[in-house]
Amino acid sequence: MDTSLSWIKAYVPELECSAQEYTDAMTLSGTKVEGFKEFDKNLDKIVVGKINKIERHPNADKLVVCQVQVDEEGTEIQIVTGAPNVKEGQKVPVVLDGGRVAGSHKDGESEKGYKIKKGKLRGVESCGMMCSIDELGSNSNMYPDADPDGIYILSDNPEYADAITGSDAVELLGLHDVVFEYEITSNRVDCFGVLGIAREAAATFGKKFVPPVVKQTGNSEDVSDYITVDVKSPELCPRYTARVVKNIKLAPSPEWMQRRLASVGIRPINNIVDITNYVMEEYAQPMHAYDLDTIEDRKIIVRKAEAGEKFTTLDGQERELDDTMLMICDGKKPIGIAGIMGGENSMITDNVTTMLFEAATFDGTNIRLSGKKLGMRTDAQVKFEKGLDPNNAEEAMNRACQLVEELGAGEVVGGMADFYPVKKEPVEIPYDAAKINALLGTDIPEADMVKYFEAIDLTVDQDKKIVTVPTWRQDLERMADLAEEVARFYGYDKIPLTLPKSSATTGGLSEKLKNEKTARTVVEGYGFCEGMTFSFESPKVYEKLCLDKDDQLRKSIRISNPLGEDYSVMRTSALGGILASLSTNYNRRNKNVRLYELANVYIPEELPLPDLPDERMQLALGMYGDGDFFTMKGVVEDVLRKLGLNERAEYKAEAGRNYLHPGRQADVIYKGTVVAFLGEVHPVVQKNFEIGERTYIAVVDMEAVSKMSVSYIKYQGVPKFPAITRDISLSMKKEVTAGEIEEAIRKAGGRLLESYELFDIYEGSQLLKGYKSLAYKIVLRAQDRTLTDGDAGQIMDKIISSLAEKEVVLRQ
């Protein structure tokens with residue numbers, strides 16, 4: 001958002017300050033000024049001169065010698081120039097000897113400007129310089145009548161034809177001005193217009209705010225005889241106003257309007273177009289003008305576009321629409337994309353005689369999404385996206401019509417077509433001066449608070465202690481907001497430093513963060529380093545992981561505006577990222593790599609998304625080099641134990657995961673729930689990721705673990721009675737797993753079984769082919785007595801009998 005100081009002063013006439021003072025004060029009061037540009041920064045000793053005589057240069061064909069009068073007393077100086085457009089009798093800007101200009105015709109504007117000195121050109125003395133518009137630091141956008149290749153001829157412009165010779169040319173051209181650039185927060189829609197900034201400036205400097213007086217306009221006719229309005233989508237267009245102007249007289253807008261528009265970067269075009277742009281900048285209310293003669297059936301219909309509908313905008317581009325976009329239509333065809341750009345078929349041309357003015361309020365979210373889909377970004381669109389005040393539309397419309405009459409641009413038809421089914425009303429907020437002071441840590445009198453409120457056009461009822469907030473201040477909702485307004489205009493720099501009055505509280509981590517911290521501590525103790533990858537990835541990773549076509553992991557959320565195909569879906573597994581990181585390390589010849597990541601995955605309930613997906617945290621582990629399947633298994637077990645899963649987990653070897661080796665994978669099951677899985681990466685997947693060593697991965701479902709973790713620790717006393725230890729060596733078929741053996745031991749051992757441990761595995765010539773041997777150490781203990789050999793023998797017999805049912809026998 002940009003404004004010129006002269007435009008601000010038009011509404012705050014008593015404002016007197018330097019550019020830096022304005023910047024500092026406005027920033028402190030909450031309207032942050034990013035920077036400013038002074039138009040007259042490098043302009044010095046520049047006056048209005050009159051060319052009295054022109055002669056040919058004796059030594060150059062393309063130069064002429066001019067005698068230029070530089071004051072009313074008739075003082076003349078000689079200036080040599082090569083400008084092709086100078087004539088006797090013209091008035092031009094002249095920089096005197098020792099003066100300074102902002103730039104050169106050839107090189108443009110310079111940071112320090114150029115000093116002009118008396119000298120000789122091809123042997124003829126020149127005592128100054130006649131200036132082009134570029135040398136004055138401006139351009140043809142601000143001064144459309146300026147010759148791009150020559151001197152700026154003041155007398156060719158009716159505004160300057162009677163300028164006094166010798167007067168300040170910089171003042172005459174309005175270049176004693178400053179343009180400020182602001183950073184406006186999106187909740188201050190009113191400050192996207194000059195009036196909003198001027199109101200803030202008036203309150204900041206304690207000056208009177210004088211907005212333009214908008215008068216009723218229009219002849220005795222009725223606008224309904226010219227146009228009717230029908231809004232089919234009121235949820236996207238809460239207000240639509242329209243007025244008609246006939247007998248249009250297109251002409252350049254006046255100098256003051258052109259200067260103000262150009263100062264904020266808008267190129268003046270003609271009086272009608274300039275009025276719509278001027279009101280948009282003044283009121284932060286975009287407007288649009290249509291040629292009424294192109295509107296069929298004299299109807300305005302606001303509706304959604306049809307899917308696939310084609311429309312050519314003012315810039316000549318044909319655009320394809322979808323059924324979410326809001327369109328402005330006449331009785332038979334679309335004539336504009338609501339809030340973004342009008343159509344080529346209704347544009348204002350030099351032949352226009354009757355015109356329709358539009359000022360409306362559209363849904364900001366819809367405008368933003370439509371513009372993004374179409375790849376468009378216009379000044380009007382930017383303002384609509386913020387969410388405009390519907391009550392502002394009528395004021396802006398009347399201001400535009402007033403300017404039409406004042407500039408003689410046409411005849412305004414009486415009345416206004418207005419669709420406004422649900423009027424937005426001001427908000428009433430109760431206030432309490434004591435509470436505001438308590439919140440701010442100040443002692444500001446209530447009278448001063450009331451003065452601050454009234455300075456920004458808030459109405460105060462001191463008896464009822466109520467502040468009435470106008471609808472254009474959408475950011476004020478509660479008393480805390482009013483306290484902020486008080487602080488802004490009282491001065492943040494005046495608020496004393498105080499310590500908090502409330503008692504300090506002990507900080508801490510949530511259970512989720514505690515679990516993540518515990519997991520980090522454990523895996524880092526095993527030599528794993530943390531990595532971090534994107535939450536979005538390429539759908540090609542599914543093929544690299546060899547997932548089945550109907551695998552649930554393939555049901556991922558596609559991003560509507562991805563950075564590219566490689567980042568087009570939200571990940572459903574952390575494996576793609578961890579394997580890619582291992583691949584990078586392997587191909588850079590790093591050995592014995594161990595990586596982990598605490599990664600969010602996004603599991604949709606169904607596609608397309610009816611609601612937010614299930615966002616789950618996974619601990620993904622990956623390694624190659626030193627270590628094997630059992631190394632990874634030990635890490636996972638330690639993580640689960642430290643996270644409070646104190647009971648023994650089960651392992652299911654038939655996990656059925658395509659990306660893992662079929663004989664070296666397992667699901668980890670705790671109380672019937674799969675809380676993790678681990679295994680060796682399938683050789684094909686390993687090759688797909690270009691890893692040349694055996695690679696092992698594990699994934700722990702942190703959310704499932706957190707639900708079952710036990711945060712407290714139960715201590716047990718030192719046993720009072722001795723334990724009995726028995727070692728058994730078992731023979732069985734290779735298909736029998738250690739998990740099945742241990743389950744039988746647990747069930748048969750009962751409450752007297754304290755622990756068991758596998759300490760040997762044997763496969764060799766001393767066993768039958770297809771058999772293996774497992775040796776276990778079994779510890780038995782009673783809490784209330786000393787066990788006898790007979791007690792131990794009975795338990796061991798139960799265990800052996802239970803194992804026999806699985807064709808497992810004692811090894812002889």
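Which residue in β30 is the bridge partner of Glu530? It's Tyr596. Quick caveat before I go on: this is a predicted model, with local features needing pLDDT of at least 70 and side-chain atom pairs counting only at pLDDT 80 or more, while totals for chains, interfaces and linings use all residues. Numbering runs from 1 along each chain as its sequence is written, and side-chain values use heavy atoms, leaving out hydrogens and water.

Okay, the sheet. Seven strands make an open, mixed sheet, ordered β27-β30-β31-β35-β34-β33-β32. β27 (529–530) and β32 (650–652) are the edge strands, each pairing on one side only. Strands here are DSSP runs of E, at least two residues, helices are H or I, at least four, and both are numbered from the N terminus; two strands pair if DSSP finds at least two bridges between them. β27 runs parallel to β30 (residues 594–603), joined by two bridges.

Now helix α16, residues 629–642. Just after the helix, Gly644 has a positive phi of about 95°.

Last one: Thr572, in the loop between β29 (569–570) and α15 (575–587). Thr572 counts as buried because its relative accessibility is 3%.

Conventions: Buried means under 20% relative accessible area, exposed over 50%, partly exposed in between (1.4 Å probe, protein chains only).
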